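Q: Please take me through one part of this molecule closely. I would like to follow how its pieces pack together, step by step.

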Amino acid sequence: MRSLGSMGATLEEGPKRARSGLVAAALGARVPGLGHGYVGFRVGAVLMAVPLLLLVVFAVVATRMSSFDLLGWLVRPAVLQGILVLNVLLLAWRVVAVADPYRLSSGRHGLGAAAIVVLLAALVAVPHLIVAKYTLDAAHLLDEVFVGDEAPTPVIAFEQVDPR
């Protein structure tokens, strides 16, 4: 039985049933926490689901903002940096949601099954890589468009005509 630190809760609440590690990993890839619940770790399932619930709350708040206000908030450099950091944290959370239920399952853990779990984790990472690419592109665009402390360069250069 493993403890979750000072909370006193344990991950193992009852007898472990023989459950497939691949099914657990696939469920965890689909919805974080489902894989933990499938293998019988209810506390772990709830803990893995908390970030998902926070994301749902954030999405509800974001949909209540006007498009103009939301876009104005999103294009701030500090917000883009925050999105990158949050994206990395979410990626780590999602990879744990795939790999941990597989590790905790009582089924066979062969090399082929482990390779499938690694593939599932890689597939989970793809959307996060896309978000990172677009976030970095947006930050680069903002750096190029909104240049600070430099004199603006005229788009059209006019020749100086001598009035004599």
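A: Start with contacts between residues at least 6 apart in sequence: in this protein, 66% of them join residues at least 24 apart. Contact here means heavy atoms within 4.5 Å. The model is predicted, so local features need pLDDT of at least 70 and side-chain atom pairs need 80 or more, while totals for chains, interfaces and linings use all residues. Residues are numbered from 1 along each chain as its sequence is written, and side-chain values use heavy atoms, without hydrogens and water.

Now the parts. The protein has six helices and zero strands. Along the sequence the pattern reads α-α-α-α-α-α. Helices (H or I, at least four residues) and strands (E, at least two) are DSSP runs, numbered from the N terminus. Of the 164 residues, 24% count as buried. Buried means under 20% relative accessible area, exposed means over 50%, and partly exposed lies in between (1.4 Å probe, protein chains only).

Look closely at one pair of helices. H5 covers residues 77-104 and H6 covers residues 111-145. Their axes are 10 Å apart, and they pack at an angle of about 175 degrees. Axes are lines fitted to C-alpha atoms, for helices over the stretch in contact, and angles run from 0 to 180 degrees between N-to-C directions. Therefore H5 is roughly antiparallel to H6. The cut-offs are simple: under 35 degrees is roughly parallel, over 145 roughly antiparallel, 65 to 115 roughly perpendicular, and the rest oblique.

What classes of residue make up the contact of H5 with H6? It has 22 nonpolar, three polar and one charged residues. Nonpolar covers Ala, Val, Leu, Ile, Met, Phe, Trp, Tyr, Cys and Pro; charged covers Asp, Glu, Lys and Arg; the others, Gly among them, are polar.

Next, the core. The largest nonpolar core has nine residues: Ala25, Ala29, Val98, Tyr102, Ala113, Val117, Leu120, Ala121 and Val124. Such a core is a set of buried Ala, Val, Leu, Ile, Met, Phe, Trp, Tyr and Cys residues joined through side-chain atoms within 4.5 Å. Helix H1 (21-30), H5 and H6 each supply at least two of its residues. The largest share, five residues, comes from H6. In soluble globular proteins, nonpolar side chains tend to be buried together.

Zoom in on Val98, in helix H5. Val98 has a relative accessible area of 0%, so it is buried. Leave aside neighbours within four places in sequence, and Val98 is in contact with Ala25, Gly28, Ala29, Val117, Leu120, Ala121 and Val124. Val98 and Leu27 are 71 residues apart in sequence, yet their C-alpha atoms are 7.7 Å apart. Leu120 is another core residue. With neighbours within four places left out again, Leu120 is in contact with Ala25, Ala26, Ala29 and Val98.

Now move to the loop between H5 and H6, where Ser105 sits. Ser105 counts as buried because its relative accessibility is 5%. Its side chain reaches the backbone oxygen of Tyr102 at 2.8 Å. That is judged as a polar contact: a pair of N or O atoms within 3.5 Å; within protein, one must be able to donate a hydrogen and the other to accept it, and residues adjacent in sequence count only if both atoms are side-chain atoms. Not counting residues up to four places away, Ser105 also touches Arg19, Ser20, Gly21 and Val39.

Finally, go along H6 to Thr135. Thr135 has a relative accessible area of 8%, so it is buried. Beyond its neighbours within four places in sequence, Thr135 is in contact with Leu80, Ile83 and Leu84. Val75 lies in the loop between helix H4 (67-74) and H5. At 37% relative accessibility, Val75 is partly exposed. Val75 and Thr135 are 60 residues apart along the chain, and their C-alpha atoms are separated by 9.5 Å. Val75 is in contact with Leu80 and Leu142, leaving aside neighbours within four places in sequence.
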